[in-house]
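The following note comments on strand pairing in the structure shown below. Please read the points with the model open.

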Amino acid sequence: MTIALGKTTIRPIALMFAMLPLMLGAVYAEDADPHGGAHLKYQAGSSPLAGEPMHQNINPKAPPMTKAEFDTGKQIYFQRCAGCHGVLRKGATGKPLTPDITLGKGTDYLKVFINFGSPAGMPNWGTSGDLSAAEVDLMARYVQQEPPVPPEWSIKDMLSTWKEIIPPAQRPTRKMNNYNIANIFSTTLRDSGEVALIDGDTKKIINIVKTGYAVHISRLSASGRYLFVIGRDARINLIDLWMEKPDSVAEMKVGLEARSIETSKFKGYEDKYAIAGDYWPPQFVIMVGDTLKPLKVVSTRGMTVDNEYHPEPRVASIIGSHYRPEFVVSVKETGKIMLVDYKDIDNLKITTLDAAKFLHDGGLDSTGRYFLVAANASNKIAVVDTKEDKMAAIVDVGKTPHPGRGANFVHPKFGPVWATSDLGDNSIALIGTDPVKHKAQAWKVVQTLQGQGGGSLFIKTNPKSHNLWVDTPLNPDAKLNQSIAVFDINALDKGYQVLPIAEWAGLGDGPKRVVQPEYNKAGDEVWFSVWNSKDKESAIVVVDDKTRKLKAVIKDPRLITPTGKFNVNNTQHDIY
């Protein structure tokens, strides 16, 4: 993407802005990007807020900018930078970039570091030729202006976007297709704003469903009938898998930017409620489970675990408890976990636990009782006992843990463990999860494995497998980001085998990053996305889990930038 500015062209500058805080004396965890921009593309960049109308409040002490320059800077910021530094630039996983900081540095200071870089990690964007002098000057001036504020989003706003495409009374009363629903894969087509529903048995696409931009996750209702997907633009699609051709039956925008969605899992509340968490506005929304009609909005603004007020703490991950009628909501910037009791929506009860900053993604242990969630910037895993509604532990792990939902297996020596890989280093932490039969190992790192490199996003195994798969899509080395490391759970000390997944895909040129191993229902296949550029061919590679040999390659012109894949059975039953 390029943006015209007079006779100058604004090139994509995600990396420049992601690294800008380094010269202000800070290095960040999650969204600061040491991996060539891929993490910003995957997690933080290109906020849907770029196109939202906002009030321009230019600080009179700031260097002058025309309205056109200000609007261009705003567009660049929200497309590339807000994921790190927050909508209001008050600090998120990145440090604050508000005028009280940037004005003191001054335009010349900012331009020097943008132009020449620094030994701390700031690239030499000007002298390398990546940015023109005009581009450097534009962003140095923009970050000294007062941040523009996007609008809030109320239930009234949500209802204006709510569509009951097929009301519940008009939907099938029984399954109307011959698909093995439990083995369908909901596959994110990131840059086309779609999900592909792929038949895991035949490896054929059942349907391509139009969704919001860059779907982040897919979640299943407790019954397995309804599939919920949420885009980065906060659009939710409710897909009925019982239809002759599964498709959306309802949709709604719950805000302006979002990442997470979940459904009620506790016995007696199956399929009754859904919950979605916003990045902007900072809030979560509880909805009717089979229509998406909004019922309750709760703000997450408040104090951090460090007892400082934060104006825009984003909702990171949400899981539905199996032990109580509760949603477990991780709030990124506050480092707090909210246990939301949905027995009485009108009189909502919330228990708040202190964890650590900045909360991101996580999953349940093998029993479904304990929720383990990464606190990226703190290099920790927080453990929540969802039966007792309290923190069980906070565990130190490697640099910038990024487990996805993690991986559960029985260690030959230490018993049940949950594993996370890291973005910031090549370590893989195995945490004991059995406080009854393996009390001495519970909530401790019992073993640290060494993977093939940093830049990992997902780790995966299956109860029927002895393999542990670790991706490295954000590693700058093409040999690493185009392959997968696999360990034998029964012989972890022997190290890993590397499989050339991207090579097996048989694609042409392009980055071809291999991301997110996902098992089929039977637990005998592992699916990998070969995530190529939008204008190049991508693929899904299927590997035989027992032999570790290539089994199939799924190619289709409609498979545009596939990333996350969610098997219905495994997602429904929290198997990972």
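1. Strand β30 (residues 467-471) and strand β31 (residues 484-488) pair in the antiparallel sense over five bridges. Strands here are DSSP runs (E, at least two residues; helices are H or I, at least four), numbered from the N terminus, and two strands count as paired if DSSP finds at least two bridges between them. Tryptophan 469 has valine 486 in β31 as its bridge partner.

2. The model is predicted: local features need pLDDT of at least 70, side-chain atom pairs count only at pLDDT 80 or more, and totals for chains, interfaces and linings use all residues. Residues are numbered from 1 along each chain as its sequence is written, and side-chain values use heavy atoms, with hydrogens and water left out.

3. Strand β31 also pairs with strand β32 (residues 496-499), in an antiparallel arrangement with four bridges. Here phenylalanine 487 lies opposite tyrosine 496 of β32.

4. How much of strand β31 is buried? Four of its five residues are buried, and the strand is mostly covered. Buried means under 20% relative accessible area, exposed over 50%, and partly exposed in between (1.4 Å probe, protein chains only).

5. A separate point concerns an open sheet of four strands, ordered β6-β5-β4-β37 with antiparallel pairing. Because β6 (205-210) and β37 (562-567) are at the edges with a single partner strand each, one side of each has no neighbour in the sheet. From one strand to the next, the twist averages 20°; axes are lines fitted to C-alpha atoms, for helices over the stretch in contact, and angles run from 0 to 180 degrees between N-to-C directions.

6. Within this sheet, β5 (residues 194-199) is joined to β6 by five bridges, running antiparallel. Leucine 197 faces asparagine 207 in β6.
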